[in-house]
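Visitor: Could you take me through one part of this model at close range? I'd like to begin with a single residue and then see what surrounds it.

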Amino acid sequence: MRLALDEARSCVGSGDVPVGAVVLRRGAVVAAAGNARERLRDPTAHAEILALREAARRTGSWRLDGCTLVVTLEPCAMCAGAIVLSRVDRVVFGTDDPKAGFAGSLGDLVRDPRLNHRVELTSGVLGDACGDVLRAFFRERRDDAARQSSG
């Protein structure tokens with residue numbers, strides 16, 4: 001999770017919401033990424049998607065069985081779908097996302113029994129630290145907006 005936090009912190013300068021993700025296989029890092037929607041101007045450039053793409057490229061297969069995805073924020077519906085479709089075995093995330101999370105908050109796509117693959121889920125790992133990074137980012141954005149409007 002500390003590596004995922006480093007990835008999250010690295011995207012702040014580009015204006016991206018600080019979310020980081022790391023894909024592990026047998027304890028070794030296969031891929032890591034931070035959100036890059038702003039930088040790439042790509043609505044699908046979430047940290048999880050970018051890390052899964054890189055892991056598939058590096059392993060030579062879209063099937064990421066035997067892999068664990070570690071991410072600082074609960075995956076959204078798009079990312080949860082990609083996680084299921086890539087056959088990741090396990091997801092570990094830091095902080096819940098009550099507004100968009102689909103690994104337990106708004107829905108639970110990664111463990112939906114109707115799907116042909118279910119993911120083991122662990123939540124709350126370094127949750128305070130993960131939440132702090134996000135809260136600081138949004139606080140700074142609000143402060144910037146207030147300064148510009150009073151300008």
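Visitor: What is the relative accessible area of D96, and does that make the residue buried, exposed or partly exposed?

Guide: Happy to. A word on the ground rules: this is a predicted model, in which local features need pLDDT of at least 70 and side-chain atom pairs count only at pLDDT 80 or more, while totals for chains, interfaces and linings use all residues. Residues are numbered from 1 along each chain as its sequence is written, and side-chain values use heavy atoms, with hydrogens and water left out.

D96 has a relative accessible area of 47%, so D96 counts as partly exposed. The cut-offs are these: buried means under 20%, exposed means over 50%, and partly exposed is what lies in between, using a 1.4 Å probe and protein chains only. D96 sits in the loop between β4 and β5 (120–123). Helices (H or I, at least four residues) and strands (E, at least two) are DSSP runs, numbered from the N terminus. If neighbours within four places in sequence are set aside, D96 is in contact with L73, E74 and S105; contact here means heavy atoms within 4.5 Å. D96 and L121 are 25 residues apart in sequence, and their C-alpha atoms are 12 Å apart in space.

Now step back to T95, which belongs to strand β4 (residues 90–95). T95 is buried, at a relative accessible area of 17%. With its neighbours within four places in sequence again left out, T95 is in contact with T72, L73, E74, G127, C130, G131 and L134.

Five strands make an open sheet in the order β2-β1-β3-β4-β5, with mixed pairing; two strands pair if DSSP finds at least two bridges between them. The edges belong to β2 and β5, and each has a single partner strand, so one side of each is left without a neighbour in the sheet. Neighbouring strands are turned by 15° against each other on average, direction ignored. Such angles run from 0 to 180 degrees between N-to-C directions, with axes fitted to C-alpha atoms, for helices over the stretch in contact.

Strand β1 (residues 20–25) is mostly covered, with five of its six residues buried. On one flank, β1 pairs with strand β2 (residues 28–34) in the antiparallel sense over six bridges, and G20 has G34 in β2 as its bridge partner. These two strands form a hairpin with two residues between them. R26, in the loop between β1 and β2, has a positive phi of about 50° although it is not a glycine. R26 counts as exposed, because its relative accessibility is 76%.

β1 also runs antiparallel to strand β3 (residues 67–73), and five bridges join the two.

Next come the helices. Helix α3 lies across β1, β2 and β3, running at about 140° to β2. Helix α3 (residues 47–59) also packs with helix α4 (residues 77–85) at an angle of about 25°, with the axes 9 Å apart. That makes α3 roughly parallel to α4; the rule is under 35 degrees for roughly parallel, over 145 for roughly antiparallel, 65 to 115 for roughly perpendicular, and oblique for the rest. At this contact, E48, I49 and L52 in α3 meet M78, C79, A82 and I83 in α4. By class, the contact has six nonpolar, no polar and one charged residues. Here Ala, Val, Leu, Ile, Met, Phe, Trp, Tyr, Cys and Pro are nonpolar, Asp, Glu, Lys and Arg are charged, and the others, Gly among them, are polar.

The buried residues of α4 are C79, A80, G81, I83 and V84, and what covers them includes α3, β3 and β4. After α4 comes R87, whose phi is positive, near 65°, in a residue other than glycine. R87 lies in the loop between α4 and β4, and R87 counts as buried because its relative accessibility is 17%. From there the chain leads back to β4, the strand that holds T95.
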